[in-house]
Amino acid sequence: MSERHVWRFAEAGRRLAAAAAVMELRVPAFRTPPRVAGLDRTLRRGPGGPVLVSVRSRGRTWPAVLADMIEGVVRVNELPPQDAARVRNQLWQATEGIDAAEVAASAESPELPLPRDGEVPRAA
């Protein structure tokens with residue numbers, strides 16, 4: 001998985017968790033990929049309450065991955081249809097601009113000089 005995809009997944013997880021907490025919903029943890037091969041999204045409920053939403057990100061478009069993360073929050077909270085629609089809309093809004101934020105963050109990060117070919121520093 002590319003560094004960009006990892007960054008977006010982590011940022012989406014943070015934003016979705018924060019938005020769910022503000023809405024006083026149960027906040028799941030997110031990971032990729034699911035343990036079950038061939039599935040795009042799984043939910044695992046732990047004893048005592050923790051819930052893990054696992055989403056396959058490799059080989060999928062970013063909107064599909066994000067949609068599964070959002071749907072995971074909805075499913076974890078077992079929302080009735082009208083509440084689910086409202087929550088989905090708010091979660092989509094919470095994740096707007098992730099790609100733009102990534103571009104801004106990378107623009108602020110200084111480039112480190114890399115050694116030229118053949119110039120590999122050796123440990124003393």
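## A pair in helix H2

Arg75 and Glu71 sit four residues apart in helix H2, which means they are separated by about one helical turn. Helices here are DSSP runs of H or I with at least four residues, strands are runs of E with at least two, and both are numbered from the N terminus. The side chains of the two residues meet in a salt bridge, at 3.2 Å from N to O. For the record, a salt bridge is a side-chain nitrogen of Lys or Arg within 4 Å of a carboxyl oxygen of Asp or Glu. Glu71 is buried at a relative accessible area of 13%, whereas Arg75 is partly exposed at 46%. The cut-offs are under 20% relative accessible area for buried and over 50% for exposed, with partly exposed in between (1.4 Å probe, protein chains only).

A word on the ground rules: this is a predicted model, so local features need pLDDT of at least 70 and side-chain atom pairs count only at pLDDT 80 or more, while totals for chains, interfaces and linings use all residues. Residues are numbered from 1 along each chain as its sequence is written, and side-chain values use heavy atoms, with hydrogens and water left out.

## The overall layout

The chain has four helices and three strands, and reading from the N terminus the elements go α-β-β-β-α-α-α. Of its 124 residues, 33% count as buried. The chain exposes about 8300 Å², with carbon and sulfur atoms supplying 54% of that; these areas come from the Shrake-Rupley method with a 1.4 Å probe, and for residues only the protein chains shown count as cover.

As for contacts (heavy atoms within 4.5 Å), take those in the chain with a separation of 6 or more: residues 24 or more positions apart account for 55% of them.

## The sheet

The three strands make an open sheet in the order S1-S3-S2, with mixed pairing. S1 and S2 are the edge strands, each with a single partner, so one side of each has no neighbour in the sheet. From one strand to the next, the twist averages 20°; angles run from 0 to 180 degrees between N-to-C directions, and axes are lines fitted to C-alpha atoms, for helices over the stretch in contact. Helix H2 lies across S1, S2 and S3, and runs at about 30° to S2.

Two strands pair if DSSP finds at least two bridges between them. S2 (residues 41–45) and S3 (residues 51–55) pair in the antiparallel sense, over five bridges. Arg45 has Val51 of S3 as its bridge partner. The S2–S3 hairpin leaves five residues between the strands, and Gly48 takes a positive phi near 85° there.

Strand S2 also holds Thr42, which is buried at 17% relative accessible area. Beyond its neighbours within four places in sequence, Thr42 is in contact with Pro34, Val36, Leu52, Val53 and Ser54.

Side chains of opposite charge can pair when their charged atoms come close. The whole structure has nine salt bridges. In one of them, the side chains of Asp40 and Arg56 meet at 2.9 Å, N to O. Asp40 is in the loop between strand S1 (29–31) and S2, and Arg56 is in the loop between S3 and helix H2 (62–76), so this pair ties together parts 16 residues apart in sequence. Both ends are partly exposed: Asp40 at 30% relative accessibility and Arg56 at 29%.

Another salt bridge joins the side chains of Arg41 and Asp68, at 3.0 Å from N to O. Here Arg41 belongs to strand S2 and Asp68 to helix H2, so the pair ties together parts 27 residues apart in sequence. Arg41 is partly exposed at 28%, but Asp68 is buried at 13%.

The peptide bond from Thr32 to Pro33 is cis, with omega near -5°. Pro33 is in the loop between S1 and S2.

Glu24 has a positive phi near 60° despite not being glycine. Glu24 lies in the loop between helix H1 (3–22) and S1, and is exposed at 73% relative accessible area. Glu78, also not a glycine, has a positive phi of about 45°. Glu78 sits in the loop between H2 and helix H3 (81–94), and counts as exposed at 63%.
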